Amino acid sequence: MAPSRTSSKRKVDDTDESVTEEQPSQASQSSKKARTEHGSQGQSQNPQFTNKVLPVHINLPAKQSGTTRIASWNVSGLAAAEKKGFKSYVEAEDPDILILTETKLNKSPDDPSLKTRFPHQYWSCAAKKGYAGTAVLSKQKPLSVDKTIPSHPDPDAVKGRIVTLEYETCYVVGTYVVNAGQGLKTMEEKKVWNTHFFAYLHELDKKKPVIWAGDLNVAPTALDLANPKPNWNKTAGYTEAETTAFKHFLEGSSDDKGKFVDMWRKLHTDERAYTYFSYRFNCRTKGIGWRIDGFVLSERFEERVKLCDIRGEIYGASDHIPVVLEAKGQL
């Protein structure tokens with residue numbers, strides 16, 4: 001959850017460490033239980049895992065027959081993640097589309113093993129060296145590719161933050177969304193991003209359904225971070241400006257703007273599970289996390305979704321956790 005422009009690592013404010021009025025979402029005993037799957041919609045009991053390195057043996061559910069699997073992961077620096085088991089996860093997950101954010105790459109990598117698995121690769125690198133970075137890797141060739149937000153007034157601010165692939169039945173938009181920054185000092189940049197990015201998604205939605213995924217850099221509700229009270233309107237990602245903009249985007253409007261769905265939350269209505277744990281203050285073992293990565297879909301695409309889950313055990317190669325979605329049929 002890095003800020004826009006100012007620093008490559010900010011993530012969560014120090015207030016998370018000291019607040020004790022709210023306990024982590026699951027008791028520690030839950031972390032010892034095996035994952036339990038419920039129903040065709042992929043709802044699950046997500047135990048509060050406390051591992052700080054990637055599991056030696058990664059066993060993930062097989063993809064459901066007749067579906068397309070999309071995985072999204074903020075790798076917090078691809079070169080570093082590769083040294084900590086990145087490819088072990090990719091092999092175990094075996095997604096049809098892999099969205100990577102915060103790659104911190106200056107150019108597209110030349111990796112034969114990744115190229116074999118994903119013959120169609122689209123990398124967007126930031127203008128600033130070692131900063132941001134977004135990629136969408138696909139087994140299925142898209143109809144078109146775009147790495148811009150056409151109406152955004154600062155094209156350099158968009159570089160490394162978005163890749164849009166058009167398929168026959170939908171768009172897939174991978175993003176590393178702008179962060180409001182330490183002390184909210186880049187909030188104005190975040191507001192500009194939200195204004196133009198949300199308008200862009202609505203324009204796409206008029207043509208085909210949209211799958212938006214990646215690091216969304218917003219915790220939509222109090223359920224989506226361990227310590228909401230001390231962070232409210234103080235910490236990037238959980239402010240009235242950001243949560244209200246996200247809510248209004250989902251709701252659409254009467255002026256020809258369609259509705260969108262926060263898919264993981266829709267399937268896990270009251271559950272607390274997080275996709276980011278700061279490396280600082282032992283947040284992982286304490287269960288102090290944020291849900292800021294996910295999938296947001298055009299409402300009319302929802303009926304195709306068979307599963308949307310957080311891979312809670314996949315921590316250690318990054319301070320973020322992958323999120324996965326399975327949709328019926330080919331994209």
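Modeller: A residue is called buried if its relative accessible area is under 20%, exposed if over 50%, and partly exposed in between, using a 1.4 Å probe and protein chains only. This is a predicted model, in which local features need pLDDT of at least 70 and side-chain atom pairs count only at pLDDT 80 or more, while totals for chains, interfaces and linings use all residues. Residues are numbered from 1 along each chain as its sequence is written, and side-chain values use heavy atoms, with hydrogens and water left out.

Colleague: Why is aspartate 111 called buried?

Modeller: Its relative accessible area is 14%. The limit is under 20%, so the word buried applies.

Colleague: What makes lysine 87 and aspartate 111 a salt bridge?

Modeller: The term needs a side-chain nitrogen of Lys or Arg within 4 Å of a carboxyl oxygen of Asp or Glu. Here the closest N and O atoms are 2.7 Å apart. Lysine 87 lies in helix H3 (residues 86-93) and aspartate 111 in the loop between strand E4 (97-101) and helix H4 (112-117), so the pair ties together parts that are 24 residues apart in sequence. Helices (H or I, at least four residues) and strands (E, at least two) are DSSP runs, numbered from the N terminus.

Colleague: Why is lysine 87 called partly exposed?

Modeller: Lysine 87 has a relative accessible area of 35%.

Colleague: How many salt bridges does the structure hold?

Modeller: There are 18. One of them joins glutamate 166 and lysine 208, at 2.9 Å from N to O. Glutamate 166 belongs to strand E8 (residues 162-166) and lysine 208 to the loop between helix H6 (187-205) and strand E10 (210-215), so this pair links parts 42 residues apart in sequence. Both glutamate 166 and lysine 208 are buried.

Colleague: What is the relative accessible area of threonine 275, and why is this residue called buried?

Modeller: The value is 0%, and the loop between helix H9 (263-267) and helix H10 (283-286) holds threonine 275. Buried requires under 20%, so threonine 275 qualifies.

Colleague: What joins the side chains of threonine 275 and aspartate 293?

Modeller: A polar contact of 2.5 Å. That term means a pair of N or O atoms within 3.5 Å; within protein, one must be able to donate a hydrogen and the other to accept it, and residues adjacent in sequence count only if both atoms are side-chain atoms.
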